[in-house]
Amino acid sequence: MQDNRNVFLDKIIKFLGRLKLSFILLLFLGLLVSQRAIMAQRAVLPKEGTELPLLIRILNSLGIFSPEKLDYLFYIVLALFVLNLGFAGFKMVRRVRAKQRIREDFKNEESLRTLSNNTVFPVRQYAEEKVAGFLKRNGFRVHYETVNSGFRLRAQKHGTGQWGVLLFHLTFLILLIGIILSITTRYSGYAEISPGETFIEKHENYLKKTKRPPLFGDDKLFKIELEDIDLSYWGPGVVKQRANIVNVYNSDGVFLGRKRMEINRPLKVGGVKIYQGTRQGFIAGLEITDSENNKATGTVRFRVPEKPGAKMLNRINLSGTGLDLELELFTEKLGEIEGLEQLGARHMATLLKVTTIEGHRRVSRGVVFYGSALSFEGLTVKFRSLKPYTSFVVVRDYGVPVIFAGFVFLLFGLVVTYFWVPENYWAVIKKSADGDYLVLGATTEKYKGSFKNRFDMQVSELKKEVLRS
Amino acid sequence: MTAVGFYWLAIIGYVLSSIAYSGGLAFSKNSFRKAGLFLAITGLLFHTVSLGIRWSLAGHGPYISTYEILSSNAWIAVLFFLFFQWKFKQFVNLGVAVMPLSFLMMGFALIGSQEARELPPTLQSAWLMVHILFAKLTVASMLVAVAMSGFYLLKKGKDDTKSGILSKVPAPEVLDDYSYRLIAFGFIALTIMVVTGAIWANDSWGSYWSWAPTQTWSLVVWLVYGIFLHGRITFKWKGTVSSWYIIFAFVFAIAAFFVIPYFVSGIHSAYMTD
């Protein structure tokens, strides 16, 4: 019974560790990722004025409409792939060791003559040292011995290369650990802040956030006080840099330093990264009063124009009135931003241009200056305040360093596998009635076509040193 | 002299080099090949000066706009070819394909706007250069592998002793071998490109992978070439199967690097279409 179980387990291990299985799984993975790629490109619209080319249209027509259903299949294939890599790894260790034993054995004349690269030629007396020296000069580790049957030599170059495939496969396991860590610890939140304000790192303080992760999702409670916004443009619509100057305090209120966060240079506080956001602009404070003296206060955000000629527009809905208010902000503060000086001519004062929208009917209601009010149809809109704002994104993901370490190993494994290819030489020098002769044979793991040329070249070089005329 | 002046001198160098390499192949004259090499190096020097001037004027490397991208593609193709020729002398005749392709690319680049554009903050990263360099190396090595596979398919089964252009090309098994090496090199370059892209994305917006179209298609290309390398080991693919696969796989690379970014909006497309 026990034996039967062991045989069964052995069969499973053999099946799951088969290279053919990993090939099939890789193929499936390729198809599933292609499907994701198609769905990703369907989600974005073609640029204005362009029509999608035939290739993209054909690809899009291949994409099925419920990619989320394929997620399960994707994860199953991924899990099987990793399992396969693990078992294949075990098999590889055994195979590499077996090959190593073969390489570390001396060969006799008969077996040398069966190698795909072999040659026999007469050599001078005492050529043994010269043959060994020649191979050493060419980067080989050489071992030799003299026995009754004559001189035997084995030489190896790039021996560690045989472990490359194993290393390369094992890196997928590191990547998998990184991905699992990433999924279980990833948490991000988006926040907006004005100069002088302080943000405390707490789940409820974010404007938008992901769910708390199962691991390490606790509030860090560090504080970020915004000192200044440093926004600059190459010209209208072309951003030069977005930066926030902040004072950072830890959860106990200890000052950690005055720092600058900008695009591509996130801050790191207590294992959490804080990224500069791409939204900057102004927050207008409004007070709206109706004919029955009901007051409502609120804020409206206006982003700094991101395209040349774009306006700072926003729209609010006045509930219960069926009216939408379209507000366009003008402010001289825009012209104070580096690179946007030329916009100062259009933005000479701080005011809001007000338009009402009722169904398809748009009516311009005039402008309201900062600190003043505008009345129309029983409504009074008061422009109470204006302050700049900026944004940042807080991300924690403890899987990232593991994933990137996995990438480094992956690259190392690939380089070793493909460009540190083991080469083995064996030689035998025998004595005959006509004098000594050398039998030389060689093998390599990869690139056998060009190795044959290299072998021939090495043989002709060696002949110059030891050939008996 | 301006960047454009040196650019034109480079084009002239490449055109003359193409003629010389073609002469070398047609008439089996080494002197023609040597002239081809000299003219390619001279053209490359002019091209380097042109790119250098442009770099210093624009304040960033040649990777924004079609003009800069194609010009730097041609530069890296010639550099890659010269390195390859220096290392593996038997491939000298590849100049017949590489040099004309390079000057045609440079001519095509002139159709786009030559105006230097400023770098947006997301692209102001040292990772950008590494990412782009390896993207170019990926395409360059895979393109040369495609050329070798094409020569393999043409040469396979033909009598090597007969005269003719194909007799100047290395033996089929050597072509097969080097195309395999180039794909392995290209695969490593592609991996570095994907990895540096992920690191850069993580630095820029805190997410190393977002399943964006170009990003996902790069992964598809990675898997397509990964399947090839796997097939070489598992099923001992070589010769005809291997050559056809390399040509087939290149279609995916072209789609991912040149078609998708042009027609699907995203970080990779915003600066490529002008």
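User: What radius of gyration does chain A have, against a compact globule of 469 residues?
Analyst: In this predicted model, chain A comes out at 36 Å, while a compact globule of 469 residues would be near 23 Å.

User: And what does the C-alpha trace span along its principal axes?
Analyst: About 125 × 60 × 60 Å for chain A.

User: How many helices and strands in chain A?
Analyst: Chain A has 21 strands and nine helices.

User: What share of chain A is buried?
Analyst: Of its 469 residues, 45% are buried.

User: What about contacts between residues 24 or more positions apart?
Analyst: Taking the contacts in chain A with a separation of 6 or more, 60% are between residues 24 or more positions apart.

User: OK, cores. Which residues touch the most other members in the largest nonpolar one?
Analyst: Phe91(B), Met148(B) and Tyr225(B) do, in a core of 103 residues. Helix 6 of chain B, residues 172–205, gives the largest share of this core, 17 residues. Apart from that core lies another of 47 residues, including Val304(A), Leu318(A), Leu379(A) and Val394(A).

User: Back to Phe91(B). What does it touch?
Analyst: Not counting residues up to four places away in sequence, Phe91(B) touches Phe81(B), Phe84(B), Met148(B), Pro170(B), Val174(B), Leu175(B) and Tyr178(B).

User: Where does Ile316(A) sit?
Analyst: Ile316(A) is in strand 14 of chain A, residues 313–318. Beyond its neighbours within four places in sequence, Ile316(A) contacts Leu286(A), Ile288(A), Val300(A), Leu323(A), Asp324(A), Leu325(A) and Leu327(A).

User: How far is Ile316(A) from Val300(A), C-alpha to C-alpha?
Analyst: The separation is 7.9 Å, and the two residues are 16 apart along the chain.

User: Thr331(A), which loop is that in?
Analyst: The one between strand 15 (323–330) and strand 16 (351–358) of chain A.

User: Is Thr331(A) buried or exposed, and why?
Analyst: Thr331(A) counts as buried because its relative accessible area is 0%, and the cut-off for buried is under 20%.

User: What is packed against it, then? Which residues is Thr331(A) in contact with?
Analyst: Leaving out neighbours within four places in sequence, Thr331(A) has contacts with Phe282(A), Met312(A), His347(A), Ala349(A), Thr350(A) and Leu386(A).

Definitions and conventions: Residues numbered from 1 in each chain as written. Chains lettered and ligands numbered in written order. Predicted model: local features only at pLDDT ≥ 70, side-chain atom pairs only at ≥ 80, totals over all residues. Heavy atoms only, no water. Helix = DSSP H or I, 4+ residues; strand = E, 2+ residues; numbered from the N terminus. Rg over C-alpha atoms; globule rule 2.2 N^0.38 Å. Buried < 20%, exposed > 50% of the residue type's maximum accessible area, 1.4 Å probe, protein only. Contact = heavy atoms within 4.5 Å. Core = buried A, V, L, I, M, F, W, Y, C linked by side-chain atoms within 4.5 Å.
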